[in-house]
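Let's take a friendly walk through a protein chain together. Have a look at the picture first, and then we will go through it step by step.

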Amino acid sequence: RGHLAPAMNHKGSQKAMDSTFTLANCAPQVGAGFNRDYWARIEWFVRGLAHREGTQAVYVATGPLYLPQPTGDGRWRMQ
């Protein structure tokens with residue numbers, strides 16, 4: 001789970017919606033409720049921006065965020 005470009009935003013045609021179901025459009029989502037909470041809030045916020053009167057375009061850059069964690073020996077590691 002984890003569409004970077006949500007299928008719901010591509011309802012203009014079945015082909016457009018189908019094109020969102022690719023590995024190039026997914027990112028791992030970790031944490032309890034992530035997809036239904038924080039990410040969903042962002043999606044609704046962006047949709048709201050796009051539907052504002054006078055909006056010409058909304059550009060959204062998405063992608064996974066990998067944060068390094070300290071290992072205890074002075075090094076940092078990404079898991």
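How many helices and strands does the secondary structure of the chain come to? There are 2 helices and 2 strands, where helices (H or I, at least four residues) and strands (E, at least two) are DSSP runs numbered from the N terminus. Starting at that end, the order of the elements is α-α-β-β. The chain has a radius of gyration of 16 Å, well over the 12 Å that the globule rule gives for 79 residues, so it is more spread out than a compact globule. That radius is taken over C-alpha atoms, and the rule is 2.2 Å times the number of residues to the power 0.38.

Before going on, note that this is a predicted model, in which local features need pLDDT of at least 70 and side-chain atom pairs count only at pLDDT 80 or more, while totals for chains, interfaces and linings use all residues. Residues are numbered from 1 along each chain as its sequence is written, and side-chain values use heavy atoms, with hydrogens and water left out.

Along its principal axes, the C-alpha trace spans about 55 × 25 × 20 Å. Buried residues make up 15% of the 79 residues; buried means under 20% relative accessible area, exposed over 50%, and partly exposed in between (1.4 Å probe, protein chains only).

Pro68 lies in the loop between α2 (38–50) and β1 (69–70). With 37% relative accessibility, Pro68 counts as partly exposed. Its C-alpha atom is separated by 7.4 Å from that of Gln79, 11 residues apart along the chain.

Now for the pockets. On a 1 Å grid over the protein atoms alone, a pocket is an open set of points where a 1.4 Å probe fits, with protein on both sides within 12 Å along at least five of seven lines; lining residues have an atom within 4 Å of a point. A volume is the space filled by probe spheres set on the points, which are joined across faces, edges and corners.

| Pocket | Volume | Lining residues | Nearest the centre |
|---|---|---|---|
| Largest | about 340 Å³ | 13 residues | Pro28, Gln29, Val30, Pro64 and Leu65 |
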